[in-house]
Amino acid sequence: MIGRSGNPALKEGTFLDLSSGAVVQRDSEAMTLNGTVNKTGALLLLCVITAAFAWSQVQFTEAGPVGAMPYILGGAIGGLVFAIATIFKKEWAPVTAPLYALTEGFFLGAISAIFEHRFPGIVMQAVMLTFGTLFALLFAYRSGLIRATENFKLGVVAATGGIALVYLASFVLSFFGVRVPFIHESGLIGIGFSLFVVVIAALNLVLDFDFIESGVEQNAPKYMEWYGAFGLMVTLVWLYVEFLRLLSKLQSRD
């Protein structure tokens, strides 16, 4: 049985045929680990290209940032649309996964420019922490230091779901002028909350590694390389944004 993942793009049943319930297998042109790694690199490159462009379009005046909002809203909405399309139509992943990376890059580039303007050097710190965490956990997973046991999976999935509910409630309440106290502030509770979210986002990488490895072992179709890369990209984007939030809270206390 393929393991659970807190990532909604990589969940139990992703590699299953809906009609038979059996694992979809392809003896020729099956999913490989190297193929998934290469496609993850391609998605990251596409994201960086559009992020750099969006960054260059954001200007700052005494009134605040100018030109950022179209990229933030367009990137976030576009990324969500392509993410949903990829999740529900996995065979579209060779097309929708790159489109997700491109649109998400616009979002990340614009918000990164805003964070960098307020806290110089924060973006490089967040990037280094994100990829440092990725490679550290990949090494720990491959060496057997961290094992994706059932209890581990259940705990991470439950924590991820709880965080999603908190963010959803905070988003909905903001329309009514209600702000969830403490968690968005730079106090000890806010920093502790962000640190907890960063840890859970990082642990989702372990589940993603395990899930992709399971797909390779099950000889999933070749297009699932793009899907696996997309799922890993979703977690990396989340982790990077949470590092930005955590670092901004820490620097606000200086």
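This is a predicted model: local features need pLDDT of at least 70, side-chain atom pairs count only at pLDDT 80 or more; totals for chains, interfaces and linings use all residues.
Residues are numbered from 1 along each chain as its sequence is written, and side-chain values use heavy atoms, with hydrogens and water left out.

The chain has an average pLDDT of 88 (the predictor's confidence in each residue, from 0 to 100), and 89% of the residues score at least 70. Among its elements (DSSP runs numbered from the N terminus: helices are H or I with at least four residues, strands E with at least two), the highest mean pLDDT, 97, belongs to helix α3 (residues 93-118), and the lowest, 87, to strand β2 (residues 64-66).

Helix α2 (residues 69-88) has 20 residues and spans 28 Å from first to last C-alpha, close to the 28 Å expected at 1.5 Å a residue (1.5 Å times one less than the number of residues). Buried in α2 are Tyr 71, Ile 72, Gly 75, Gly 78, Gly 79, Ala 83 and Thr 86 (under 20% relative accessible area; exposed is over 50%, partly exposed in between, with a 1.4 Å probe and protein chains only). They lie on the same side of α2 because they cover an arc of only 155 degrees around the axis, taken from the directions from the helix axis to the C-beta atoms. Pro 70, Ile 77, Leu 80 and Phe 88 are exposed on the other side. The buried residues of α2 pack against α1 (33-57), α3 and α7 (224-252).

Beyond its neighbours within four places in sequence, Glu 225 is in contact (heavy atoms within 4.5 Å) with Ala 30, Met 31, Thr 32, Gly 35, Thr 36 and Lys 39.
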